[in-house]
Amino acid sequence: MSFEELLLEATNAYRTRFFIVVQAIDVNDNGVESAELCSRDTYFSRTRKRDADYEKVFRERKRMDGKRLPTTMFSRTYID
């Protein structure tokens, strides 16, 4: 899967100074307590190619860098 396709399939994506972050958000309900929003975040180091793909996918965004969707839990993976 290409980086561009990954951005298109993500629940949310946004940029920070050094990373493009892709959020995959799920709702977990263990049946005992209330449901939780969980985000699996993948942090990609920014490169010219990734920035170009990001800008192509989100060219119509008013706020190009986007922003994080808040969740109750998260995990992070970093990719160089």
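Two notes on the source. This is a predicted model, where local features need pLDDT of at least 70, side-chain atom pairs count only at pLDDT 80 or more, and totals for chains, interfaces and linings use all residues. Residues are numbered from 1 along each chain as its sequence is written, and side-chain values use heavy atoms, with hydrogens and water left out.

Stay with R61. R61 sits in the loop between α2 (48-57) and β4; helices (H or I, at least four residues) and strands (E, at least two) are DSSP runs, numbered from the N terminus. R61 is partly exposed, at 25% relative accessible area. Buried means under 20%, exposed over 50%, and partly exposed in between (1.4 Å probe, protein chains only). Leaving aside neighbours within four places in sequence, R61 is in contact (heavy atoms within 4.5 Å) with N12, A13, Y14, Y54 and G66.

R61 also lies over the face of F58, 3.9 Å from the ring centre. For that, NZ of Lys or CZ of Arg must be within 6 Å of the ring centre and within 35 degrees of the ring normal.

Now the rings. Phe, Tyr and Trp rings (the six-membered one for Trp) pair if their centres lie within 6.5 Å; planes under 30 degrees apart count as stacked, over 60 as edge-to-face and the rest as tilted. By this rule there are 5 aromatic pairs. One of them, F19 with Y78, is edge-to-face, at 5.5 Å centre to centre and 65° between the planes. F19 is in strand β2 and Y78 in strand β4 (residues 73-79), 59 residues apart. Y54 and F58 have ring centres 4.8 Å apart and planes at 55°, so their pair is tilted. Y54 is buried at 0%, and F58 is buried at 14%.

Y54 and F58 belong to the largest nonpolar core, which has 8 residues, A13 among them. Such a core is a set of buried Ala, Val, Leu, Ile, Met, Phe, Trp, Tyr and Cys residues joined through side-chain atoms within 4.5 Å.
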